[in-house]
Amino acid sequence: MKLKRDFYERDTLEVAKELLGKYIIRVSEEGTTVGKIVEVEAYIGPLDAAAHTYRGKRSSRTEVAFGPGGHGYVYLIYGMYHCFNIVTNVQGKPEMVLIRAVEPVEGIELMKKRRNTEVLKNLCSGPGKLCQAMDITKKLHGIDLCGDNLYLLDNEKVREEDIIFTPRINIDYAGEAKEYPWRFLIKDNKFISTLKHVKKPNQTKK
């Protein structure tokens with residue numbers, strides 16, 4: 001079942017956790033690709049120094065984040081890699097969730113062609129990689145995820161004990177916000193982007 005608007009228009013941290021295990025469907029002229037979400041990061045708008053909408057900053061790019069939840073927010077990093085975010089919460093609360101990694105499910109040969117690699121683990125194990133593999137570009141910025149070209153399907157909810165919480169990655173500029181434990185990933189999934197911040201068994205507190 002396709003996720004509806006009311007799924008996205010809730011508390012962003014709850015949405016972020018519940019996005020784990022959901023399926024992203026991307027329909028393009030080349031074909032359809034499907035990936036299971038295994039890693040995300042939440043960005044809580046005006047109060048979050050790591051967010052594009054920190055202190056309520058508005059621009060032509062961020063305007064979509066101030067609208068209703070359930071829309072795509074796509075931007076470039078380093079001038080070459082796209083990142084796909086999902087706008088969450090209700091209109092006027094500019095919050096979102098970055099999709100950091102997905103597990104390839106369908107359209108894998110097309111993903112390999114786009115990524116120019118035969119290594120399955122390397123297809124979608126990072127925000128830029130998954131966007132390239134699934135043809136998610138700036139032309140999809142603002143897209144309604146309740147439509148038919150890019151949308152999410154429901155799936156069995158990942159159990160709380162199978163979710164790992166860590167600080168977010170590559171946001172050293174964000175002061176104390178870089179320590180917020182707003183990165184969520186499925187435990188032991190081999191398609192996550194990096195093991196950074198993930199504690200190994202011998203690092204677990206006794």
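Two strands pair if DSSP finds at least two bridges between them. Helices (H or I, at least four residues) and strands (E, at least two) are DSSP runs, numbered from the N terminus.

## About the model

This is a predicted model, in which local features need pLDDT of at least 70, side-chain atom pairs count only at pLDDT 80 or more, and totals for chains, interfaces and linings use all residues. Residues are numbered from 1 along each chain as its sequence is written, and side-chain values use heavy atoms, with hydrogens and water left out.

## Strand β2 and its partners

Strand β2 covers residues 32-43. Of its 12 residues, 10 are buried. Buried means under 20% relative accessible area, exposed means over 50%, and partly exposed lies in between (1.4 Å probe, protein chains only).

β2 pairs with β1, β5 and β8. Strand β1 (residues 23-27) runs antiparallel to β2, and five bridges join the two. I25 has V34 in β2 as its bridge partner. The hairpin of β1 and β2 has four residues between the strands. In this hairpin G31 takes a positive phi near 150°.

β5 (95-106) is also antiparallel to β2, with nine bridges. Here I37 stands opposite V102. Strand β8 (residues 183-186) pairs with β2 over three bridges, again in the antiparallel sense. Its R183 stands opposite E41.

A salt bridge is a side-chain nitrogen of Lys or Arg within 4 Å of a carboxyl oxygen of Asp or Glu. By this rule the model has 21 salt bridges.

One of them joins E41 and R100, with the closest N and O atoms 3.9 Å apart. This pair links distant parts of the chain, for E41 is in strand β2 and R100 is in strand β5, 59 residues apart. Are the two residues buried or exposed? E41 is buried, with a relative accessible area of 0%. R100 also counts as buried, at 8% relative accessibility. A network of salt bridges links E39, E41, R100 and R183.

## Helix α3

Helix α3 spans residues 108-115. Its buried residues are L110, M111, K112, R114 and R115. They pack against β2, β5 and α4 (127-133), where contact means heavy atoms within 4.5 Å. After α3 comes N116, whose phi is positive, near 55°.

K112 forms a salt bridge with E109, and the closest N and O atoms are 3.6 Å apart. The two are three residues apart in α3, so about one helical turn separates them. An α-helix has 3.6 residues a turn, so residues three or four places apart point the same way. K112 counts as buried at 15% relative accessibility. E109 is exposed, with a relative accessible area of 56%.

Helix α2 covers residues 12-19. In this helix K17 and E14 are three residues apart, which puts about one helical turn between them. They form a salt bridge, with the closest N and O atoms 3.4 Å apart. K17 is buried, with a relative accessible area of 14%. E14 is partly exposed, at 34%.

## Cysteines

How many disulfides does the structure hold? It holds zero, where a disulfide is a pair of cysteine sulfur atoms within 2.5 Å. For C124, the closest cysteine sulfur is in C131, 9.5 Å away and too far for a bond. C146 is in no disulfide either, and its nearest cysteine sulfur, that of C131, is 19 Å away.

C124 counts as buried, at 1% relative accessibility. C146 is partly exposed, with a relative accessible area of 26%.

Y78, M80 and Y81 make a nonpolar surface patch of about 400 Å². Patches are made of residues with over 30% relative accessible area and no salt bridge; like charges are joined within 9 Å, and nonpolar side chains (Val, Leu, Ile, Met, Phe, Trp, Tyr) within 5 Å. Accessible areas come from the Shrake-Rupley method with a 1.4 Å probe; for residues, only the protein chains shown count as cover.

Where is Y78 placed? Y78 is in the loop between β3 (72-77) and β4 (81-88). Y78 is exposed, with a relative accessible area of 68%.
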